[in-house]
Amino acid sequence: MAWVNPQIFADTALSIVSEGNAYDPATNYSFLTEKTWRAVAMRHPFIFSGYPEQFDYAKSLGLRTFEQYMLIKDYAYITDEDARLNAVVTNTKYFLENYKTCKENIELDIEHNYNIFLEIFKEENKLLATLALTEIDKHYWFDQTGFSHLLKIQE
């Protein structure tokens with residue numbers, strides 16, 4: 001969504017990804033925001049600071065979530081949010097202190113995630129290409145401002 005200087009990823013060893021739901025009482029956690037995808041696209045390892053269900057969703061997509069390189073491997077499943085955040089801090093420190101000893105395996109996981117990202121991107125582009133051939137394109141849905149173009153009134 002917002003541009004981030006790629007040099008930030010080049011100069012750091014780990015992204016801390018803060019995910020969350022858009023609003024209460026939203027309970028669908030089967031999505032990842034640009035924060036996670038940005039780390040993946042920039043080939044950056046990450047520690048996930050979000051809901052356990054979103055962590056599971058990331059794993060269900062095939063993403064490697066780097067917990068094997070953390071001190072508290074089940075940190076993402078700690079139900080108490082304060083305790084989970086404390087585990088994120090502990091894991092961040094541990095990861096940074098031990099990164100070099102696991103660097104080769106971490107880089108393999110990073111590349112795996114990047115390839116997953118590319119596959120999802122290709123599939124989404126196929127979907128958008130399909131949509132472009134339908135009525136949606138005729139109504140210029142993707143080029144409009146406001147919300148009125150998203151409503152279709154049955155005649």
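These questions and answers walk through one predicted protein model.

The model is predicted, so local features need pLDDT of at least 70, side-chain atom pairs count only at pLDDT 80 or more, and totals for chains, interfaces and linings use all residues. Residues are numbered from 1 along each chain as its sequence is written, and side-chain values use heavy atoms, with hydrogens and water left out.

Reader: In what order do the elements of the protein run from the N terminus on?
Author: Helices (H or I, at least four residues) and strands (E, at least two) are DSSP runs, numbered from the N terminus. The protein has five helices and two strands. Their order is α-β-α-β-α-α-α.

Reader: What share of the residues of the protein counts as buried?
Author: Buried means under 20% relative accessible area, exposed over 50%, and partly exposed in between (1.4 Å probe, protein chains only). The protein has 155 residues. The buried share is 31%.

Reader: Which residues of helix α3 are buried, and within what arc do they fall?
Author: Helix α3 covers residues 52–60. Its buried residues are P52, Q54, F55 and A58. The arc uses the directions from the helix axis to the C-beta atoms. Seen down the axis, these residues line one face of α3, because they fall within an arc of 160 degrees.

Reader: Is T65 buried or exposed?
Author: T65 sits in the loop between α3 and α4 (81–132). Contact means heavy atoms within 4.5 Å. Leaving out residues up to four places away in sequence, T65 touches F46, F55, A58, K59 and Y75. Its relative accessible area is 3%, so T65 is buried.

Reader: Which side chains make polar contacts with the side chain of T65?
Author: A polar contact is a pair of N or O atoms within 3.5 Å; within protein, one must be able to donate a hydrogen and the other to accept it, and residues adjacent in sequence count only if both atoms are side-chain atoms. One partner of T65, at 3.3 Å, is the side chain of K59. Another, at 2.3 Å, is the side chain of E67.

Reader: How are the rings of F55 and Y77 arranged?
Author: Rings of Phe, Tyr and Trp (its six-membered ring) pair if their centres lie within 6.5 Å; planes under 30 degrees apart count as stacked, over 60 as edge-to-face and the rest as tilted. The count comes to ten aromatic pairs. For F55 and Y77, the centres are 5.5 Å apart and the planes stand at 85 degrees. That pair is edge-to-face.

Reader: Where do F55 and Y77 lie, and how many residues apart are they?
Author: F55 is buried, at 1% relative accessibility. Y77 is partly exposed, with a relative accessible area of 36%. F55 is in helix α3 and Y77 in the loop between α3 and α4, and they are 22 residues apart.

Reader: Why is the pair of F66 and Y69 tilted?
Author: Both residues are buried. Their ring centres are 6.4 Å apart. The pair is tilted because the planes stand at 40 degrees.
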